[in-house]
Amino acid sequence: MSKQELRLGSGSACCSPISDAALDAAQAVEGAAMFKALADPIRLRLMSMIASADGEICVCDLTSQFDVSGPTISHHLRVLREAGLVDCERRGTWVYYWSIPDRLRWISALLNVPEAELTR
């Protein structure tokens, strides 16, 4: 098992941590879009709520947790969707959201810098 697989805790690694290999141009563009989407406090909190939900979460459960309007929440959810971090499905009146595990693994692997690298 490689050093990267040991750090990830699974047999499938999606990318090298930034401390092991430089990103190519396409990876940098992809990563920047995800980090830009997460760079807003409301979106970061929404992402946390969606990712920690058991499978999926209704937009009604998300909206009620914020002191902003429904359209504002919809805008932030659209940004997360366009960045490929979440997906959704409309069921009648409500929309249900879930996180995209491969994208979360990509971010996690990218940032999985060993403690020794942080103390240089």
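Reader: What share of the contacts in the protein chain with a separation of 6 or more comes from residues 24 or more positions apart?

Author: The share is 58%. A contact here needs heavy atoms within 4.5 Å. The model is predicted, and each value below is computed from it.

Reader: Which elements does the protein chain have, and how do they run from the N terminus on?

Author: The order is α-α-α-β-α-α-β-β-α-α. That gives the protein chain 7 helices and 3 strands.

Reader: What makes the 3 strands a sheet, and in which order do they lie?

Author: Strands count as paired if at least two bridges are found between them. Between β2 and β3 (residues 94-99) there are 6 bridges, so this pair meets the cut-off. The sheet is open, with the order β1-β3-β2 and antiparallel pairing.

Reader: Why are β1 and β2 called edge strands?

Author: Strands β1 (57-58) and β2 (86-91) each pair on one side only. In the order of the sheet, β3 stands between them. Strands of a sheet pair through backbone hydrogen bonds, in either a parallel or an antiparallel way.

Reader: What lies across β1, β2 and β3?

Author: Helix α3, residues 41-52, does. Its direction makes an angle of about 85 degrees with that of β3.

Reader: Is S99 buried or exposed, and how do you know?

Author: The relative accessibility of S99 is 14%. Buried means under 20%, so S99 counts as buried. This serine belongs to strand β3, where V86 stands opposite it. Leaving aside residues up to four places away in sequence, S99 touches M47, I50, A51, L85, V86 and L104. Over the protein chain of 120 residues, 29% count as buried.

Reader: How many salt bridges does a search of the whole structure find?

Author: The search finds 5. Side chains of opposite charge can pair when their charged atoms come close.

Reader: Why is the pair of E56 and R91 called a salt bridge?

Author: The N to O distance between the two side chains is 2.7 Å. The cut-off is 4 Å, so the pair qualifies. E56 sits in the loop between α3 and β1 and R91 in strand β2, 35 residues apart, so the pair links distant parts of the chain.

Reader: Which salt bridge does R91 form with E89?

Author: The side chains of R91 and E89 also meet, with an N to O distance of 2.7 Å. Together, E56, E89 and R91 are linked in a network of salt bridges.

Reader: What makes E56, R91 and E89 partly exposed?

Author: Partly exposed covers what lies between buried, under 20%, and exposed, over 50%. E56 has a relative accessibility of 32%, R91 has 35% and E89 has 37%. Each value falls between the two limits, so each residue counts as partly exposed.

Reader: How do you know that R78 forms a salt bridge with E82?

Author: The closest N and O atoms of R78 and E82 are 3.2 Å apart. The limit is 4 Å, so the pair counts. Both residues lie in helix α5 (residues 70-82), 4 residues apart, which is about one turn of the helix.

Reader: Why does E82 count as it does at 60% relative accessibility?

Author: Exposed means over 50%, so at 60% E82 is exposed. R78 has a relative accessible area of 34% and is therefore partly exposed.

Definitions and conventions. Residues numbered from 1 in each chain as written. Predicted model: local features only at pLDDT ≥ 70, side-chain atom pairs only at ≥ 80, totals over all residues. Heavy atoms only, no water. Helix = DSSP H or I, 4+ residues; strand = E, 2+ residues; numbered from the N terminus. Axes fitted to C-alpha atoms, helices over the stretch in contact; angles between N-to-C directions. Buried < 20%, exposed > 50% of the residue type's maximum accessible area, 1.4 Å probe, protein only.
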